[in-house]
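Here are a few exercises to work through with the model open beside you. Try each task before reading its solution.

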Amino acid sequence: MKDLFKIYLRVYQKKHIVFSIFAILFLIFDVLIALIIPSITKGIFDEINSEGNRLSYIYRTGAIVVGIALVAVLITVMNNIFTQRVSTRITAELRKDLFSKIQELSFSNVDEITTGTLITIVSNDTAQIQQIIMMSFRAILRSPLTLIGAILMAYLINQQLFVIILLIVPILSLFIIIIIKKASSTFLIMQERIDDLNTKLNETVSGAREIKAFVTEEQEMERFNLVNDNHSNTIIKAYKRIANIDPLIILISNIGIGAVLIFAGYLVSILTGEARTEMVGTIAAYISYLQQIIMSLMMLSMVAVQLSRGAISAQRIQKVLNIRPSIENKAEPIIVDNFKGRIEYRDVSFGYGYGDGHNEAVGLTLKNISFVIEPKSTVGIIGSTGSGKTTLVQLLPRLYDVTSGTIYLDGIDIRDIDLSFLRQQISYVTQEAIIFSGTITDNIRQGKEDANLEEIEQAARFAAADEFIYKTEKEFNNEVTQGGTNLSGGQRQRLSLARALIREPKIIILDDSTSAVDAKSEAKIKDNVYSSKKQTTIIIAQKISSIRNCDKIIVLDNSGRLDGFGTHKELLKESEVYREIYNSQFGGNDE
Amino acid sequence: MNRGPGRGGPRGRFAYFEMPKEKHIQKKVIKRIWSYLKHYPSSIFFITFAILLYALFSLSLPHIIRIVIDDYINVESVNFIAIVLIIGSVIIITVAMSIGSWFQRVLMATVATKVAKDIRRDAFIQLQQLPIKYYDKNSHGKIMSILTNDIETIFNALAQIVPQFISAIILIIGAIISMLYTSWQLTLVVILLLPIALFLIIFITSKAFKYFRNQQIQLGEVNGIVQENIMGLKVVKLYNQEKAMIEKFNQSNTELEKASYQAGVYSGLMMPIIRLLDNILYSLVITVGGILKIVYQAVTVGQIQAITNFARMFVRPISNIAQIYNLLQAAIAGGYRVFNLIDEKSEYINDSDLELESVSGQVEFSHVYFGYEPNQTVLKDINFKVDSGNTIAIVGPTGSGKTTIINLLARYYDIEQGNILIDGKSIYDYSKKSLRLKIGIVLQSTYLFNGSVLDNIKYGKPDATFKEVVEAAKLAQVHEIIERLPHKYNTRVQEGGINFSHGERQLISIARTILSNPAILVLDEATSSVDTRTEAKIQKSIGLLVKNRTSFIIAHRLKTIKNADHILVILDGRIVEAGNHQELMERQGVYAEMYNLQFGEIQ
């Protein structure tokens, strides 16, 4: 609830306050009119029923009711316009804040929250908040106002009949609270069942090949039926609980009407001696107020359900918004003049989750690593799966920050260097090529925003991507689908390489980034990129053949320690891990 | 009700595409939904009955009030019969309305849930029948959206449409009859206002529908951008694209804000307009009623009061029907996609009943031609023969058609021309399932199912003993890794195996295939994500595995296939070279070139 309130306070920010005040003002008018109408019509009934029978009075009052109704519509519409303005704008702001926040999130944050949940937060949870803000200018204010107003009006019209209302309100409130409490626990279980169902469906779609390969269709069907039955049984149960409200409302509202009729018709006239005919208008008005009271109580119960849902959404939103970015610029970040690109790792250790103050037990992925890479040299990194090769290079563009030790570029701690300047100097080509929707040009241009067509073509050629690009119908203007699904794995990798090359970086890191590229293209890339010696090149590879000609090779052992740093020949002598890898690839090779 | 964040991927993303415009298709979808409803005839009968009960008794309430006012309150003498009458009718009406309302709600929720369950079951059955082609062509998100969002839409619509429609009809007819019975003059007043009411309601409904649809589309856009952004966050950061991304997002976000504002404003018109109609009717009835009573003595006060109540009962259902129309549109759009999925051709249609019995494993491709798209041939005249127990390797650049050969062997896709034979018999003469049971495939990207590691290894052979599982895991070099897990073999696999590395998943998948002991083994880049040291170890196991078993190996690292009995080199869908390693190296062709590129520098 605290989080919900925090978000709700945005309503009173300067830029929204005028709209908000108007929305609330119109709401108050609206409630007042709804309260006045029954008392006006009471007058008509009294008039019709009286001896005087003045037609003019009836005309006048009829006209007044129509006039008021017209005004009421205007007021409600105005309330709605202001309400929508505030609620949609705040929601859009929330989405924007969330999206901007996502850009700052560290990868451990994203891993923890998961992509699916983040999307749900940006779309569903904000929509939930929109509902709440809308309700805050309607039901949340309207129900209590109408409730109090209707009670007051009923009291003013007739004090004797007021006993009925005094009895009905607390009883009805109590019942509604009990039923809502029961139902909401069922809804929690329902949510779990929905999750179960979605998980099972997701699994079947994702694992379709496996299911067919192992011919387990029937087994899957049986498991699914179980989940499907469970799901629908829970839903039916929840609906049964909610349905209990209906008879209750009917019962109490009918008892109320009956009581009004009896009281007004007999008891009051017996007690006070007033003529019963005088009571006709009062009866009509009382029934109206009674219905308003019951309606607002029901609305309040719905508000309660919505608020509890909104509170969960607000909590999720605030959790994301409250994350403090772990990687930021220092107060006065350095922009290095005449940047050369000398890299030094000094006693670097790293563990995932350390910076965010949790997962301390996970342990260090990299331990006390030191080495120096001279500008324009080519360095290979090798080690078995999970030895920390990718982690090691991701520290350089500060995708993660070191846990201890320091990384220097041209002798300056990289944490002191301007972040966007730092990243501008380094092109890191990831293992899994990440491609965005848009044209091929759009994707390559991400590397250099003002690149002209010539530069783009050249980058594509260097990345051996030109061949397949020219084969497509629109060449560089060919549209790439989201995630690059209309390109093959090798094509995606070459495209992402072109994006990396176009900025002519001082340092390029290739993280096994040609794994899906065919041997011929790979050879071309090799010539264009690392044999050219235009920049410092760091290559992570599985195959020794890819890195054996490097100036230096970094060997990581299974526990994240540096096992060796030197040339191929040196390492064959010095590093046991390197020898082992070498033998696994070339051992028994009689060629 | 049935809402909230699920794991079904981005919601609403595909909510409004592929909406049928033609009336006859719309009718067909409605008929189809009805065919599911039809399975519950007694429930539908009782629902109608319950609604009738509820509607009739709520219609009787104004009558009672009128009688009480006119005959008992508005006269001079005190009549105690009236008290009994009031108490009695309140009890009867309350009981009848409660029963009606409760049963209507519960029965309808039950029927709608069951219909949704049935549709979901049919869709799930269909998931098992769909050819791999369908999964390749349609995105995961789209299929999930059909299975979750669209079925949910049908459920929500059904739960509201049926009872609202029935009760609207009963109330409209009942209210008109009641009004006519009470006073025909005042009824006329109400009916006169009807055209204006209809016009306003239909206008608002259609506008609101249009804007809601727009809102859905914009929401889809926003979701798409968010998803892409998170997936590519690394690149966004590395290339300093944050600002560009936020700009791109802001555009869509503003569009969404606009769309949702418009949808809100228009749909928000409905309630005040209904209230306006109510109030105008009210004052008209009372004014005209007053004149009728005072000047002509044609009506009583009770009658006027009753008509005002009936008028309200008359206007509400009309607006309800308008909203039903919107719900129906949504249900049709959802149903259209769901039934399209259910109606996709099953891959088991026209499948042979003949079971493929024990096979020795001789495989032959005879002049096979194939293309995924009608005029794009991927494989051309593929012709080869593998003797039983032999190992055949397929090499070639990405996109040359290696995996396609496997897709054809397991009949994930069917060939256009030529034949595929096992033990000299055409595989098309046997049932697909019996064929697939003979073939064990380890894929490049492996999917693990929810459950324990043990469940996953046992997946292809549910009755395997623990000892057998451990043996298979040892052969796949994954036993030690599993032993290091927190709960060893009982460790839970999360969401497709995200808590395991790519390499670990491949190893588990190899264990799974070893356990199922297939006659023909297919390894499609099965160790591509495993480091070379582990791979070297697996090679030994694979050596044991392929012994005396026909095996297909597709691999990028040529080292792993050097010992194959037969190597096929594929280029642009054709076999350009074939033979064993020795022969191919001597030939100095494509294979030798590829091999030298990978190893040449070492000599």
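**Exercise 1: Confidence**

Task: find which helices of chain B have the lowest and the highest confidence.

Solution. Start with the score itself: pLDDT is the predictor's confidence in each residue, from 0 to 100. Helices (H or I, at least four residues) and strands (E, at least two) are DSSP runs, numbered from the N terminus. In chain B, confidence is lowest in helix α18 (residues 532–546), with a mean of 73, and highest in helix α9 (residues 242–267), at 88.

Over residues 1–17 of chain B, pLDDT stays under 50. Where pLDDT is low, the predicted coordinates should not be read in detail. For the complex, the predictor gives an ipTM of 0.78 and a pTM of 0.73.

Some conventions for what follows. This is a predicted model, in which local features need pLDDT of at least 70 and side-chain atom pairs count only at pLDDT 80 or more, while totals for chains, interfaces and linings use all residues. Residues are numbered from 1 along each chain as its sequence is written, and chains are lettered from A and ligands numbered from 1 in the order in which they are written.

**Exercise 2: Chain B overall**

Task: state how many helices and strands chain B has, and what share of its residues count as buried.

Solution. First, the elements: chain B has 20 helices and 12 strands. Second, burial (20 or more other C-beta atoms within 10 Å of a residue's own, with C-beta atoms placed from the backbone): 49% of the 603 residues of chain B count as buried. Third, contacts (C-beta atoms, placed from the backbone, within 7 Å): among those in chain B between residues at least 6 apart in sequence, 81% join residues at least 24 apart.

**Exercise 3: The open sheet**

Task: give the strand order of the six-stranded sheet in chain B, and explain why β6 and β12 each have one side without a neighbour.

Solution. Two strands pair if DSSP finds at least two bridges between them. The order is β6-β9-β10-β3-β11-β12, in an open sheet with mixed pairing. β6 (439–442) and β12 (574–579) of chain B are at the edges and each has a single partner strand, so one side of each lacks a neighbour in the sheet. From one strand to the next, the twist averages 15°, using lines fitted to C-alpha atoms as axes and angles from 0 to 180 degrees between N-to-C directions.

Now look inside: β3 (residues 391–395) and β11 (residues 566–571) of chain B are parallel, paired over four bridges. Here B:I392 has B:H566 in β11(B) as its bridge partner.

**Exercise 4: Strands of chain A**

Task: find which strands pair with β1(A), then follow β4(A) into its hairpin.

Solution. Strand β1 (residues 343–350) of chain A pairs antiparallel with β2 (residues 366–373) of chain A over five bridges, with A:E344 bridged to A:V372. β1(A) also pairs antiparallel with β4 (residues 404–409) of chain A over five bridges, where A:I343 stands opposite A:L409.

Next, β4(A) runs antiparallel to β5 (residues 412–413) of chain A, joined by two bridges; A:Y408 is opposite A:D413. The two strands make a hairpin with two residues between them, and A:D410 in the turn has a positive phi of about 50°.

Methods:
A residue is buried if 20 or more other C-beta atoms lie within 10 Å of its own, exposed if 12 or fewer, and partly exposed in between; C-beta atoms are placed from the backbone. Two residues are in contact if their C-beta atoms, placed from the backbone, lie within 7 Å.
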